[in-house]
Amino acid sequence: MSTEPGDEAVGHDELRLASRNHAMPLEALALDVTPVGLHFVMCHYDIPLLDTRPWRLDVVGLVEMPRSLSVDDLRALPSVTATVTMECAGNGRSLLRPRPVGQPWVDGGVGTAQWTGTPLADVLAAAGVQEGAVDVVFSGADHGTEHGSEQDYARSLSVADATSDDVLLAWAMNGAPLAPQHGAPLRLVVPGWYGMASVKWLRRIEIRDTTFTGFHQTRAYRVRESGRDVGVPVRRIRPRALLRPPGFPDYLSRIRVVEVGDHELTGRAWCGSAPVTRVEVSTDDGDTWADAEVSAAPGSAAWQAWRWRWAARRPGRAMLRARAHAADGSVQPDDPRWNVHGVVNNATQRVEVLVRA
């Protein structure tokens, strides 16, 4: 199965999605923290332009004391700032063959930001989650239809996942109030999970004694090998290393150009289930691999920088790759595994380079 882009046409509907959403330019891999305007953006429906003055977050359902909180109420509570790498579950979708229809990500559906907010566990503790609670459902203000289903965008976490100490109700990104496209005035941030879990424009939290079966929980964001397959839910981010493309690019093909000589290859690697312990680099399309130097992460859920010295001695073409290994034994695969929705494709990136004398 080919993984080369361009084998299948992208429809106008997908181009509209691609023009509304955007990837992180890979040159931003040079930065520990992604600027707000370069961080990837994924919005299923229209961006709600919400006035923060009347806006409230309702905490309802199986709780002792239902709450209705303003942004100022949340800001008055103890807050934390966490550096978190967030990746869209569909990152790499356009490289699958046959190509699943959807937001046609290549490899830039990722970014790392410093999120400031109130720990969700504190808000749930103040509301008093009752015995027998099963799921915590998060609903955003964005509304639309998808595959014939009309809904607000909504996702759930188990009570255990929702009350872990790292999940945030975030109102700031990189030290500034959230931008509209990133969920203003409030969003959920679930470190280590793919971005679909971090509900934007958050307006309601409902604690239930039954399992949530909303569209984006049970139909979308599942790894299915066929349309009849129930599939498994998408949760934690799989290991990935990305290479910051060296040299300069050809405008359309993005093939890179470098001179014969020594070049420092750099990039970032991350995994949502465990720290990255090793990054390998190949300059011959995966025939041979060498270990790169890997730096410590700037946060427990943030990407790690890596670097490797490439001695490019011969003119010609080279295909660069990078591969991440995580502490839990998971390894980034060389080839993608196809699925209906085109999610969790963490196959190694390929960067074609022309070395010239």
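Let me begin with a definition: on a 1 Å grid over the protein atoms alone, a cavity is a set of points where a 1.4 Å probe fits but cannot get out, while a pocket is an open set with protein on both sides within 12 Å along at least five of seven lines; a lining residue has an atom within 4 Å of a point. Grid points are joined across faces, edges and corners, and a volume is the space filled by probe spheres set on the points.

Before the numbers, the ground rules. This is a predicted model, in which local features need pLDDT of at least 70 and side-chain atom pairs count only at pLDDT 80 or more, whereas totals for chains, interfaces and linings use all residues. Residues are numbered from 1 along each chain as its sequence is written, and side-chain values use heavy atoms, with hydrogens and water left out.

Now the closed space. How many cavities of 30 Å³ or more does a search of the whole structure find? The search finds one. The largest cavity holds about 240 Å³ of space. Its lining consists of 20 residues, and M42, R187, G195, S198 and K200 lie nearest its centre. For the make-up of linings, Ala, Val, Leu, Ile, Met, Phe, Trp, Tyr, Cys and Pro count as nonpolar, Asp, Glu, Lys and Arg as charged, and the others, Gly among them, as polar. The cavity lining then has 12 nonpolar, five polar and three charged residues.

Next, the open spaces. The largest pocket has a volume of about 1,200 Å³. It is lined by 42 residues, and V106, D107, S253, R254 and R350 are the closest to its centre. Which elements give two or more residues to this lining? They are β13 (240–243), β21 and β22. Helices (H or I, at least four residues) and strands (E, at least two) are DSSP runs, numbered from the N terminus. By class, the lining of the largest pocket divides into 20 nonpolar, 10 polar and 12 charged residues.

The second largest pocket contains about 720 Å³. Of its 28 lining residues, H44, V101, G102, E146 and H147 are the closest to the centre. Two or more residues each come from α1 (12–20), β5 (135–146) and α5 (215–218). The largest share, three residues, belongs to α1. This lining has 13 nonpolar, nine polar and six charged residues.

Let me step back to the whole protein. There are five helices and 22 strands. The C-alpha trace spans about 70 × 40 × 35 Å along its principal axes. The radius of gyration is taken over C-alpha atoms, and the globule rule is 2.2 Å times the number of residues to the power 0.38. For 357 residues, a compact globule would have a radius of gyration near 21 Å, and the protein agrees with 21 Å. Taking contacts (heavy atoms within 4.5 Å) between residues at least 6 apart in sequence, 73% join residues at least 24 apart.

Last, the charged pairs. Side chains of opposite charge can pair when their charged atoms come close. A salt bridge is a side-chain nitrogen of Lys or Arg within 4 Å of a carboxyl oxygen of Asp or Glu. The count by this rule is 19 salt bridges.

One of them joins R313 and D262, with the closest N and O atoms 2.9 Å apart. R313 sits in the loop between β20 (304–312) and β21 (316–326), and D262 in strand β16 (residues 261–270), so the pair links distant parts of the chain, 51 residues apart. Is R313 buried or exposed? R313 counts as exposed, at 53% relative accessibility, while D262 is partly exposed at 45%.

Another salt bridge pairs R278 with D291, at 2.7 Å from N to O. R278 lies in strand β17 (residues 276–282) and D291 in strand β18 (residues 290–291), 13 residues apart. Both R278, at 34%, and D291, at 46%, are partly exposed. These two also belong to a network of salt bridges that links R278, E280, D291, R323 and D334.

A further salt bridge connects E352 and R317, with the closest N and O atoms 2.9 Å apart. E352 is in strand β22 (residues 351–356) and R317 in strand β21, 35 residues apart. E352 is partly exposed at 28% relative accessibility, whereas R317 is exposed at 56%.

Note on methods
Buried < 20%, exposed > 50% of the residue type's maximum accessible area, 1.4 Å probe, protein only.
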